[in-house]
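Me: Hi, could you walk me through this structure? I'm new to it.

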Amino acid sequence: MSSLITIVRNKFLEAIRSVNPPTRWKILVVDEYSQKLLGAVLKQFDILEENVTLIESITSIREPQPGFEAIYLLMPTSQNVDRIIRDFSNNKQYAAAHLFFIEGLPEKLFERLTSSPAEPYLQALKELFLNFNAIEAQAFSMNEPGYFFSIYSPPRTESSYKPARARLEEDLRFMSKMISNVCISLNEFPYIRFYMPSSHQPLGPLKPNAQTRPPPPPEGASRWRTNLARGAEARAYESVESDFVTKLLAFMVQDALEEHKKMNPDFGKVDPARPRATLLITDRSMDMMAPFVHEFTYQAMANDLLPIENGTKYSYKFQSSMGAYEDKVAILSDADTTWTSVRHLHMREAIDKLMSDFNKFLEENAVFKGEGAANLNDMKDMLANLPQYQEQREKFSLHLNMAQDCMALFEKEKLSEIANVEQSCATGLTAEGKTPKSLVEEMVPLLDSRDVLNMRKVRIIALYIQYRDGVPDEDRRRLYQHARLTLAEQDAVNALVHLGVRIARGPTDKDTKKKIKQKISGDEYELSRFKPAVKSIIEDHVADKLDPVMFPYVKDAPSAMPLSPRSPPPQTTSLRSQKPAWHRAPKASVQVDNRQRLLLFVAGGVTYSEMREVYHLSESLHKDIFIGSTHVLTPKGFVDDLKVLDLGGAGSRALPNGLRDMRGEPKSHQQLYDEKYFVQDAPPPQRVAPKAAKNLAPPRTATPIQISPTNSYQESVNSSAPSVKDEKKKKRGLFRF
């Protein structure tokens, strides 16, 4: 299956390789944001290997290099366009410029470029559509945790609904562009479905309000008139009731992809061997159990219990060959094959695999005679005596430390008892498959215990309230009292109402219709029975059982097509004319890269358990499934965000000062884009350094590129055709490759 990281990496390499100046050597010019995207998938060595002699930041003071052609790899901001023009206005900075923009360049900026003094030096222009973070082979992210507050924080006053909605729509436009970039990179023009909940109204700024609702239509006595005959005014007035964030986002993505298709007719052309993809757009309110449940698969458990920074950076103690302990910082990425082989396994299985791989490593390298490691402590002792295998030692040592720390916390923090209560709440059944009768009796001692962290108590209470579909106010107050929750922790539980959860329940209230049925797993582990709702959604979609009312299509649906996307291509020859093949030995299975793709986007944050399910379902359903979100969340981070949801995120890690102010003149999308990707120019130097002699032999770098989380070079894939906006571009000759 095609990895997102590999696709992005190869597109960057293809762009760099496409520039072959007569002098052979070339200079790469980047900005802060494009450098991060590039550094996430390419090592500095990989870039310099492509005849790049210098990497420069466009915002820094640069020495003129008129003997070299330059590749500009930049965000399409007004400031960057001005900087390119400035490079060729007075003194010629480079011999020529090959422009590669990370995403689509607006027509106005294109015209500014082509009517500037830089125009004669522009050799090529291409839009790459790579403005997204490929965090794993099958996962992508915007790295925008602040969007959680934009989507769900309730406006404080009646008058603030309108600006809050305007702010959300601006953020959704950025979201839609990122999702479109992923589709364009995959060359997929997918069917689009979106989540339409029936259990609650639109949330946050989209909640129906007089400020955002159009005026009611003048209704006559003709109550029997059809909706069509009632006119657009009535439909606009009522449409606010169904303006869910998923719906708005889905329609924006559809518009963005259709616009791209107009400019690039070859985009998304159906490959007969690969059925058309589907994009499912959901949001965090769809499954409010998953962020609270303790998971015991390796990646999810480690990110829940250990201090891992942004899901990738982990600090630990490493025992050197001399026996001394050193502080190490490890990067958990797809480049670490040990990590990718165990991250989705249950912790018990992960430890067994680590042990097995370690013993296999000992056998293959004939390091030890006698028996291999029998447990984690044996591994630890043996690792200290492997100085000649530094890289393997560090990998095994890293995962040994992580596994040991997780299991130590599991025992110390009473996670077995906590998880038993959580699983009963999340699944609605006990381990024996019966309705829980003694849930309160099991839960209250945990809430009373001073050995259980308050953050875990918040999670238990949040799951219990959802299991009960709301509890009386007095019962909730008693739960808080038992748990001795602070006011901020009580706010976190109370904030569930802003994500569509019913927390209060009166004596006459009926049960809310369950949104998505929980499929109980036949898992052998009692504490891992719960499965996130995305599993049911994807399975039902592939089986054509997903409710079309809950997940309607934006436009056309596969049923309108003559061939179902799940069906194999029709037989083109008669069975009678086929040559018998029963006497031949079966061929070795070859991985054919034409499986149907399915993309899932979760606005408001995705959990590691949901990412895990995507990998498992890809294997079981034989589909290439990708999952993306505004950001990846951990249970602790989610609870912390809920604490300040009513405050618009003020005090949160993502938005310390809260949501941005919407007062003043409304801004165009390009103005907002320029602000979002603004980078300050470097101050002029205090004194001029002596001019260094040019030396091409040893490549130099002016700007460090981050270490890549990918493996070494892989062959390029074909990228989509360059975007041609109109005939004027062709006349100007900017597309020469």
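This is a predicted model: local features need pLDDT of at least 70, side-chain atom pairs count only at pLDDT 80 or more; totals for chains, interfaces and linings use all residues.

Me: Thanks! How many helices and strands does the protein have?

Reply: The protein has 25 helices and 13 strands. Helices (H or I, at least four residues) and strands (E, at least two) are DSSP runs, numbered from the N terminus.

Me: And what share of the residues is buried?

Reply: Buried residues make up 52% of the 737 residues in the protein; buried means under 20% relative accessible area, with a 1.4 Å probe and protein chains only.

Me: Is strand β2 buried or exposed?

Reply: In strand β2 (residues 52-57), 6 of the 6 residues are buried, so the strand is largely enclosed by the rest of the structure.

Me: Which strand is joined to β2?

Reply: Strand β1 (residues 26-30) is joined to β2 by 5 bridges, and the two run parallel. Strands pair if DSSP finds at least two bridges between them. As one example, V29 has E56 in β2 as its bridge partner.

Me: New topic: how many cavities are there?

Reply: There are 5 cavities of 30 Å³ or more. A cavity is a set of points on a 1 Å grid over the protein atoms alone where a 1.4 Å probe fits but cannot get out, and its lining residues have an atom within 4 Å of a point. The volume is the space filled by probe spheres set on the points, which are joined across faces, edges and corners.

Me: What lines the largest cavity?

Reply: The largest cavity has a volume of about 110 Å³ and is lined by 14 residues, of which E295, A300, T607, Y608 and P635 lie nearest its centre. Helix α11 (298-305) and helix α22 (608-621) each supply at least two lining residues, and α11 gives the most, with 3 residues.

Me: What about the second largest cavity?

Reply: The second largest cavity holds about 90 Å³ of space. Its lining has 13 residues, with L203, F244, V245, D283 and S285 nearest the centre. The elements giving two or more residues to that lining are α6 (147-152) and α10 (245-263).

Technical notes: Residues are numbered from 1 along each chain as its sequence is written. Side-chain values use heavy atoms; hydrogens and water are left out. Buried means under 20% relative accessible area, exposed over 50%, partly exposed in between (1.4 Å probe, protein chains only). On a 1 Å grid over the protein atoms alone, a cavity is a set of points where a 1.4 Å probe fits but cannot get out, and a pocket is an open set with protein on both sides within 12 Å along at least five of seven lines; lining residues have an atom within 4 Å of a point.
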